[in-house]
Amino acid sequence: MTSSIITAAMLVLIGLLVLKFPKLIAGYNTMTPEQQKKVDIKRLKTFMCRAFCVMGIAILLVSLLLQHFTSDMIISLVSVLILVPGTIYMIIKAQRYDHS
């Protein structure tokens, strides 16, 4: 349970940090200035923030709902089952903000 709360808090924190500091987005800070101009960074950072926060809140809610019914191992497994598809979704959908 504690690990799920920490994971959820970290995801929300990362989302808020990406919103404030878009250079934290992997790959964006290594682009040339010409490539960075082709990225809709305002919409990308908003999307990334929302995605991270939704994953964090989903993990927190699932952990709270399942804590009385199942073991910590199952809760950790469910957390991974939220993180992996969420990350794949973010990677695929983030491509639409790169106009190069």
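Figure 1. Aspartate 40 counts as partly exposed because its relative accessibility is 23%; buried means under 20% relative accessible area, exposed over 50%, and partly exposed in between (1.4 Å probe, protein chains only). The model is predicted: local features need pLDDT of at least 70, side-chain atom pairs count only at pLDDT 80 or more, and totals for chains, interfaces and linings use all residues. Residues are numbered from 1 along each chain as its sequence is written, and side-chain values use heavy atoms, with hydrogens and water left out. The side chain of aspartate 40 meets that of arginine 43 in a salt bridge, at 3.7 Å from N to O. A salt bridge is a side-chain nitrogen of Lys or Arg within 4 Å of a carboxyl oxygen of Asp or Glu, and by this rule the count comes to 1. Arginine 43 has a relative accessible area of 52%, so this residue is exposed. Side chains of opposite charge can pair when their charged atoms come close.

**Figure 2. The protein chain and its helices.** The chain has 4 helices and 0 strands, where helices (H or I, at least four residues) and strands (E, at least two) are DSSP runs, numbered from the N terminus. From the N terminus on, the elements run α-α-α-α. The C-alpha trace spans about 55 × 20 × 20 Å along its principal axes. Of the 100 residues of the chain, 30% count as buried. Contact means heavy atoms within 4.5 Å; among contacts between residues at least 6 apart in sequence, 71% join residues at least 24 apart.

**Figure 3. Helix α3 and phenylalanine 47.** Helix α3 has 26 residues and reaches 37 Å from its first C-alpha to its last, close to the 38 Å expected at 1.5 Å a residue; the expected span is 1.5 Å times one less than the number of residues. Among the buried residues of α3 are Ile41, Leu44, Phe47, Phe52 and Ile59. What covers the buried residues of α3 includes α1 and α4. Phenylalanine 47 lies in α3 and counts as buried because its relative accessibility is 10%. Leaving out residues up to four places away in sequence, phenylalanine 47 touches Tyr89, Met90, Lys93, Ala94, Arg96 and Tyr97. Between phenylalanine 47 and lysine 93 there are 8.9 Å in space, C-alpha to C-alpha, and the two are 46 residues apart in sequence.

**Figure 4. The buried residues of helix α4.** Helix α4 has 23 residues, and from its first C-alpha to its last it reaches 32 Å, close to the 33 Å expected at 1.5 Å a residue. Ile75, Ser79, Ile82, Gly86, Met90 and Ala94 are buried in α4. An α-helix has 3.6 residues a turn, so residues three or four places apart point the same way. The buried residues of α4 pack against α1 (2-20) and α3.

**Figure 5. The largest pocket.** The largest pocket has a volume of about 370 Å³. On a 1 Å grid over the protein atoms alone, a pocket is an open set of points where a 1.4 Å probe fits, with protein on both sides within 12 Å along at least five of seven lines; lining residues have an atom within 4 Å of a point. Of the 17 lining residues, the closest to the centre are Ile25, Ala26, Leu44, Met48 and Ala94. The elements giving two or more residues to the lining are α3 (41-66) and α4 (72-94), and α4 gives the most, with 4 residues.

Definitions and conventions:
Grid points are joined across faces, edges and corners, and a volume is the space filled by probe spheres set on the points.
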